[in-house]
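Take a moment with the sequence and the 3D view. Then follow the chain strand by strand.

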Amino acid sequence: MYDSEQRWRAVDGYLATTLVDEDEALVAARTSARDAGLPAYEVAPNQGALLALLARLGGARRVLEIGTLAGYSTIWLARAVEHVTTIELDPGYAELAERNLAAAGVADRVELLVGAAVDRLAELVARGGPAYDLVFIDADKPNNPAYLAAALRLTRPGSLIIADNVVRDGAVVDPDCPDDRVRGVREFLELVRADPRLEATALQTVGVKGWDGFALVLVR
Ligand code: SAM
């Protein structure tokens, strides 16, 4: 008999093998991260496919990703659009990501910036390049409010901002939660709600990544 977490995993496995085209390069990106001792923080295969699908659905050409890890979600996104800028704090993770992006054949479409995302984002704002059509926020959650502020300076009306891990095993409902990641997520959601430029929803997810969720934010 399954408990619910085993069932979520089994269903994710079924959906991924039935619908999701995870090729050798994507599998290698995941397994290389485990082999190098990186945490299993990458999105699940069906979630990577969702990111790519949302990018295509919105006709996105340029994506900004905050939080690269080993480049798993970056590969999904880079295969859906013309350009991805991705930011990673850890130089060792970034090196591994570079190798995975090259092996996946998308290195020429990806600019990987190394360092604290708040600093790299400030540089992108100062650089004043073309707007990003989609922003995927998936790094340190206490900084989510700062990432939202930067995303609003780097996008245009019609852009989509996606934030991962907004449910956190249900902890998001607790206004007194001492975990600064939960506080960062709650503040992010409250800032989105208070901003008349934004239209948003969030969805809970269960599966190989446990119980969590995505926020989807449209810049009006
Ligand atoms: N998006 C990746 C994927 O799905 O394959 C997973 C990213 S993982 C959840 C979060 C990443 O953010 C980690 O690699 C971590 O090193 C990075 N990170 C944490 N704090 C950061 C910061 N202040 N600036 C930039 N990256 C940071």
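**A walk through the sheet**

Asp164 stands opposite Phe214 in strand E7. This is a predicted model, in which local features need pLDDT of at least 70 and side-chain atom pairs count only at pLDDT 80 or more, while totals for chains, interfaces and linings use all residues. Residues are numbered from 1 along each chain as its sequence is written, and side-chain values use heavy atoms, with hydrogens and water left out. Helices (H or I, at least four residues) and strands (E, at least two) are DSSP runs, numbered from the N terminus.

E5 and E7 (residues 210-219) pair in the antiparallel sense over five bridges. Two strands pair if DSSP finds at least two bridges between them. Now step back to the whole sheet. It is open, has seven strands with mixed pairing, and runs in the order E3-E2-E1-E4-E5-E7-E6. E3 and E6 (198-207) stand at the edges with a single partner strand each, so one side of each lacks a neighbour in the sheet. On average, neighbouring strands are turned by 15 degrees against each other, direction ignored. Axes here are lines fitted to C-alpha atoms, for helices over the stretch in contact, and angles run from 0 to 180 degrees between N-to-C directions. Helix H7 (residues 144-154) lies across E1 (62-66), E4, E5, E6 and E7. Its direction is about 155 degrees to E5.

Go next to E2 and E3. Five bridges join E2 to E3 (residues 110-114), and the two run parallel. From E2 the chain crosses through helix H5 (residues 91-103) to E3, a right-handed β-α-β crossover. Right-handed means that, with the strands pointing away from the viewer, the path from the first strand over the helix to the second runs clockwise.

Thr86 is in E2 (residues 83-88). Is Thr86 buried or exposed? Thr86 counts as buried because its relative accessibility is 0%; the limits are under 20% relative accessible area for buried, over 50% for exposed, and partly exposed in between (1.4 Å probe, protein chains only). Its side chain makes a polar contact with the side chain of Glu65 (2.6 Å). A polar contact is a pair of N or O atoms within 3.5 Å; within protein, one must be able to donate a hydrogen and the other to accept it, and residues adjacent in sequence count only if both atoms are side-chain atoms.

Note on methods:
Contact means heavy atoms within 4.5 Å.
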